[in-house]
Amino acid sequence: MLRFLLRRALQSLPLLLLVSLLVFLLIHAAPGGPLAVYLSNPSVRPQDIERLRHALGLDRPLWQQYFAWLAAFARGDWGYSFTDGRAVSERIFDRLPASLELVGASFVVSLALTLCAGIGAAVRRMGWFDRVTTALAFAGISLPVFWLGLLLQMIFAVALGWLPSAGRATVGAAGPGDRLEHLVMPVIVLSFVQAASWSRFLRASMIDALGRPFVLAAEARGLSRARVICRHALANALAPLVTVVLLDAALVVSGAVVTESVFAWPGIGSLFTEALARRDYSVLMALLMLTSTAVVVLNVVADTAYAILDPRVRL
Amino acid sequence: MNRRSIGLPRARLAVVLAVVTGSGCAPKAGAVAPSNDLLIVGYDREPDTLNRFSTHILEDIQSCVVEGLTTTDERMEIVPLLATTVPTLENGGVRLRSEGGMDVTWTLRPGVRWHDGVPFTSADVKFTVDAINSPTYHPESSDGFDRITGVDTPDPLTAIVHYREVYAPYALQFIRGALPKHVLEGRDIDRAQDYNRNPLGTGPYRVAEWKSGEHILLERVPHYWRGDAFPKIRRLLFKFIPNTNTRVNQIKSGEVHVVPLVPWDKNRELVGRPGLVVQQTAGNAYEHVTLNERQVPAFADGRVRRALLMAVDRELLTKTILDGLAAVAIGPIQPVSWAYTDRVTRYRFDPARAKALLDDAGWKPGASGIREREGRPLAFTLITQAGYAIRENVAQALQQQWRDVGVDVRVELQDGTAISAIWFEGRFDAMLHWWQMPADPELTTFFAADRTPPAGRNINYYRNDELTRLVYAADRTVDRTERTQLLRQAQAIIADDVPEIPLYTVTRLDVVPTTLEGFKGNPTNTGIFWNVHEWEVR
């Protein structure tokens with residue numbers, strides 16, 4: 001196991017280096033740069049732009065900028081935001097708790113929904129429950145997140161007034177109840193989408209597991225239906241779901257970009273949208289590297305988890 | 001039929017109607033009524049910095065905290081704020097020197113203190129000029145400051161600013177206020193985060209809290225210089241809500257009370273909603289089509305440009321797509337400006353005349369209906385910003401109307417940041433966009449022949465020597481009457497020669513509560529909060 005982890009860690013390093021180079025080139029290839037936003041103000045003159053370009057080091061050749069960034073990043077120095085001059089790490093850690101809260105809550109709800117829908121649909125295959133959850137999953141996978149978010153706002157905030165439409169807390173009334181109210185709609189949107197795809201995985205692997213001889217054997221031994229499903233079939237069906245969930249867990253550091261933007265949720269996702277609109281290279285690089293690292297690490301974790309859940313797999 | 005079977009569908013209908021019309025009367029979660037204790041503003045973005053000299057977005061929040069020596073009012077007149085008067089030639093505040101330079105004497109309002117109690121003096125004005133001209137600080141713009149050779153401070157309330165040449169917009173030089181010398185002297189202002197995130201000002205409010213990604217809360221200062229009766233509203237909360245639809249939903253649900261700069265396509269959703277009023281202010285920006293003569297040689301022919309203008313039914317555009325919210329523009333200076341004139345050539349919608357002009361210029365209809373000359377079609381790409389429903393619709397309407405006279409146009413959408421870079425490098429044929437014009441009617445950067453990028457914003461790449469002479473002369477004239485004459489001649493040339501296709505004057509829409517008194521609006525980038533000290537909720 002240790003050797004496996006060590007090997008995977010060593011393999012990941014060149015991969016991350018390659019990713020950093022690609023990401024760097026990609027964001028610099030997008031038209032416009034951090035100074036483009038200044039151009040719409042007529043009182044900002046060319047000499048002002050030149051002065052700022054030099055001050056920010058944007059007049060250096062691209063390869064020099066990349067290696068300067070890489071050297072600093074390797075030392076743990078993520079640089080300063082091109083937008084507000086604050087340390088990139090400070091900007092990211094400011095936003096991380098909100099994303100953790102949203103993504104964490106939505107994972108709990110999604111898992112609960114997935115287990116109910118996935119197991120229920122597999123056990124009564126082609127029954128009414130299966131048909132309803134299949135239709136809902138189809139909707140969850142197909143509906144655009146921003147549309148669903150706005151629709152919920154119009155119904156539950158504007159028309160019925162039951163829930164606040166956006167934000168993380170009401171200023172001056174930030175009790176736990178208020179925080180919870182703000183969480184409801186973004187969590188519904190995120191969980192609906194996540195549970196839609198996760199439950200399909202679970203349904204498929206449950207159907208597969210329920211058809212296996214060991215299930216028949218367990219039933220023949222006279223075990224209760226519930227015990228057969230939960231202890232025998234589910235334990236065997238979980239492995240693919242765990243992999244999918246772990247890979248989706250990168251959302252914790254990447255933020256839920258669209259959902260956060262629609263609900264003005266102050267997390268990493270909305271920071272990413274802002275940084276992208278303003279071409280804030282240093283914040284973008286840090287966020288993309290953080291997400292890439294998370295994906296790589298979670299891949300390793302998923303492989304390890306697979307091996308733990310399925311004794312047939314050896315690392 | 002029993003009662004129940006009638007009642008239930010009705011109840012269902014009521015719920016459906018409430019959902020569809022958004023007229024539910026239940027108390028809304030997170031909603032509070034606007035009051036003199038708290039007014040909530042739904043703002044489209046988080047500021048980069050609250051340092052007015054460094055920010056590159058609108059200074060709405062900053063202007064509640066940091067005041068300028070002057071500001072612009074609802075009619076775009078420059079009015080004194082921390083200065084006692086606006087210096088002019090007539091009142092002796094401006095003196096032209098014989099060698100071509102000028103001196104501007106600012107008299108500061110007595111009794112004004114920074115929020116920490118330290119008096120605001122001419123030393124702060126001098127410090128501001130020195131800081132902006134120093135190589136270590138990087139403000140957004142040093143326009144005008146780089147023409148200042150020095151500032152004399154004969155007494156704490158007098159600052160005499162010496163310019164090496166005449167600078168016509170001098171009255172707006174200190175509209176962003178001043179930097180507090182006692183806080184920032186000897187420091188790296190770019191990195192002075194204590195100031196940049198919580199600036200010391202003289203204004204009616206100070207920053208109580210800035211929660212990254214969420215909001216900025218401003219609270220009333222105890223002894224504002226206008227007297228303890230001002231400001232009347234205790235706290236102003238700016239909530240950052242980047243998504244336009246979410247912002248609109250928040251004002252409908254009562255979670256925010258004011259939304260500045262609402263997109264026009266949201267007007268119908270908001271007009272007539274109880275408790276809200278959509279304030280319209282004729283703006284100082286104009287939507288137009290830039291014709292890049294460097295990229296499309298056909299645009300260099302005045303007949304082609306006039307034909308393109310006459311092929312567009314601008315009245316129809318403003319009545320339909322713009323829903324009557326904007327008036328047809330006739331040039332770069334808008335009716336709100338003192339320099340505006342309508343005594344210029346006006347080309348009406350006349351497709352027949354447009355076709356004749358194109359024929360005359362040698363562009364004859366080809367087999368496909370598209371005009372050609374020497375085997376080349378009259379075709380170009382019109383770029384515009386993605387995500388603006390109205391602009392996308394106008395672009396399509398233009399495409400159709402130009403197609404009707406035999407011009408082939410392809411519409412291309414770009415995101416906001418990309419489009420700035422594209423026009424700055426001149427890599428486009430034609431562009432649908434607006435310029436937010438400064439309160440001072442300077443035309444040089446947009447029309448002088450030598451001000452093509454990177455030296456300016458003449459992205460029509462238009463060259464007219466007489467116009468260039470006039471706009472430069474206007475820039476170097478302080479006398480209002482003389483300057484008006486020069487600018488009117490410039491407008492006449494622009495209207496007649498059509499270097500670009502003016503479409504409409506941009507109207508500002510700001511949504512405020514019906515109970516808000518004292519709101520005046522503002523056509524410029526000064527923003528609606530310029531008189532926030534007078535606002536009061538009844």
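This is a short walk through a two-chain structure, and the model is a predicted one.

Hi everyone, thanks for coming. Let me start with chain A. Its secondary structure comes to 13 helices and 0 strands. If you follow the sequence along, you read α-α-α-α-α-α-α-α-α-α-α-α-α. The C-alpha trace of chain A spans about 85 × 60 × 35 Å along its principal axes. Of the 315 residues in chain A, 39% are buried. And if you take contacts in this chain between residues at least 6 apart in sequence, 69% of them join residues at least 24 apart.

You will find A:Arg279 in the loop between H12 and helix H13, residues 281-309, of chain A. Its phi is near 50°, a positive value in a residue other than glycine. Is A:Arg279 buried or exposed? It is buried, because 24 other C-beta atoms lie within 10 Å and the cut-off for buried is 20 or more.

Now let's bring the two chains together. How many residues of chain A are in contact with chain B? The count is 54 residues of chain A, in contact with 52 residues of chain B. Several helices of chain A each supply at least two residues to that side: H2 (46-55), H4 (88-123), H6 (145-159), H11 (257-262) and H12 (268-277). H6(A) gives the most, with 7 residues. Sorted by class, the side of chain A that touches chain B has 28 nonpolar, 15 polar and 11 charged residues.

On to the cores. The largest nonpolar core has 109 residues, and B:Ala307 and B:Ala490 are the ones with the most contacts inside it. Leaving aside neighbours within four places in sequence, B:Ala307 is in contact with B:Ala354, B:Leu357, B:Leu358 and B:Val405. Apart from that core lies another, of 102 residues, with A:Met185, A:Leu210, B:Leu218 and B:Val256 among them. As general background, nonpolar side chains tend to be buried together in soluble globular proteins.

Next, please find helix H10 of chain B, residues 389-404. Its 16 residues should span 22 Å at 1.5 Å a residue, and the end C-alpha atoms are 23 Å apart, so the two agree. Which residues of H10(B) are buried? They are B:Arg391, B:Val394, B:Ala395, B:Leu398, B:Gln401 and B:Trp402. Looking down the axis of H10(B), these buried residues fall within an arc of 130°, so they line one face of the helix. What covers them includes, from chain B, the strands S11 (276-291), S15 (379-385), S16 (408-414) and S17 (430-436), together with the helices H7 (302-310) and H8 (314-319). Just after H10(B), B:Gly406 takes a positive phi of about 95°.

S15(B) and S16(B) pair in the parallel sense over 7 bridges. Within this pair, B:Phe380 stands opposite B:Val409 in S16(B). S15(B) has 5 of its 7 residues buried, so it is largely enclosed by the rest of the structure.

For contrast, here is an antiparallel pair. Strands S6 (residues 148-155) and S7 (residues 158-163) of chain B run antiparallel, joined by 5 bridges. A hairpin of 2 residues connects S6(B) to S7(B). The bridge partner of B:Asp152 in S7(B) is B:Ile160.

Let me finish with a few loop residues in chain B. The peptide bond from B:Phe230 to B:Pro231 is cis, with omega near -10°. B:Pro231 sits in the loop between strand S9 (215-220) and strand S10 (235-240) of chain B.

Then there is B:Asp323, in the loop between H8 and helix H9 (351-360) of chain B. Its phi is near 55°, a positive value in a residue other than glycine. B:Asp323 has 14 C-beta neighbours inside 10 Å, so it counts as partly exposed.

Lastly, B:Arg187 is in the loop between helix H3 (181-184) and helix H4 (193-197) of chain B. B:Arg187 is partly exposed, with 14 other C-beta atoms within 10 Å. The C-alpha atoms of B:Arg187 and B:Leu82 are separated by 25 Å, and the two residues are 105 residues apart along the chain.

Notes
Residues numbered from 1 in each chain as written. Chains lettered and ligands numbered in written order. Predicted model: local features only at pLDDT ≥ 70, side-chain atom pairs only at ≥ 80, totals over all residues. Core = buried A, V, L, I, M, F, W, Y, C linked by C-beta atoms within 7 Å. Buried ≥ 20, exposed ≤ 12 C-beta atoms within 10 Å, placed from the backbone. Contact = placed C-beta atoms within 7 Å. Helix = DSSP H or I, 4+ residues; strand = E, 2+ residues; numbered from the N terminus. Expected span 1.5 Å × (residues − 1). Arc of directions from axis to C-beta. Nonpolar A, V, L, I, M, F, W, Y, C, P; charged D, E, K, R; others polar. Pairing = 2+ DSSP bridges.
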